[in-house]
Amino acid sequence: MKISKKIILLLVAGTFFSCSNSGPVAYKSISGSWRCQEFRSIGGSRSYIVELDRTKNDTTQYLMSNFYNLEFDDNVLAHLKGTKVSISQQQIGSSTSIVENGSGVVSLNFTRIDFTYDIYDGLNDIKVNAIYTR
């Protein structure tokens, strides 16, 4: 009788603890992987993954890997102030593409960023609206 009560108690405790972490992830920053849905004035829409990583020396700077879907080794530097992200004019890694300017707004729960940016790809000026989600 004592053994069956212990087994039942262990099963109930195991069930309780196994279900305790099934809720949504609570993000505390923009660092991490994002799914980008991009809408371009030339070339239509596309989806891809972008990584955002905070730089070590400045808590407001983030490296955006695979920005504009141009390889994970090609980074863009972004600045975060409150819920606003800005991207100043810069070459995208080693590619010939240039971000002419960009800005975005981060949701309060860090699960969405609405971006607009202008890209010069060496031939065309391209206006982009992008939605980052996770």
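Reader: Which residue does Arg-46 form a salt bridge with?

Author: Arg-46 pairs with Glu-38, and their closest N and O atoms are 2.7 Å apart. Keep in mind that this is a predicted model.

Reader: Ok, and is Glu-38 buried or exposed?

Author: Glu-38 is buried, with a relative accessible area of 0%.

Reader: Which residues are linked with Glu-38 in a network?

Author: Arg-40 and Arg-46 are linked with Glu-38 in a network of salt bridges.

Reader: Why can side chains pair up like that anyway?

Author: Side chains of opposite charge can pair when their charged atoms come close.

Reader: How many salt bridges does the structure hold?

Author: Four of them. One of these joins Asp-114 to Arg-112, with 3.0 Å between the closest N and O atoms.

Reader: Switching to strands now. Which strand does β8 pair with, and over how many bridges?

Author: Strand β8, residues 112–120, pairs with β7 in the antiparallel sense over eight bridges. Asp-114, the salt-bridge partner of Arg-112, turns up here too: in β8 it is the bridge partner of Val-105.

Reader: What's in the turn between β7 and β8?

Author: The two strands form a hairpin with five residues between them, and Phe-110 in the turn has a positive phi of about 60°.

Reader: Which other strands does β7 pair with?

Author: Strand β5, residues 84–87, runs antiparallel to β7 (residues 98–106), and four bridges join them. Among the partners there, Val-85 goes with Gly-104 of β7. Strand β6, residues 90–91, also pairs with β7 in the antiparallel sense, over two bridges.

Reader: What's the bridge partner of Gln-90 in β7?

Author: That's Val-99.

Reader: And how many residues lie between the strands in the hairpin of β6 and β7?

Author: Six residues, and in this hairpin Gly-93 takes a positive phi near 55°.

How values were computed: Residues numbered from 1 in each chain as written. Predicted model: local features only at pLDDT ≥ 70, side-chain atom pairs only at ≥ 80, totals over all residues. Heavy atoms only, no water. Salt bridge = Lys/Arg side-chain N within 4 Å of Asp/Glu carboxyl O. Buried < 20%, exposed > 50% of the residue type's maximum accessible area, 1.4 Å probe, protein only. Pairing = 2+ DSSP bridges.
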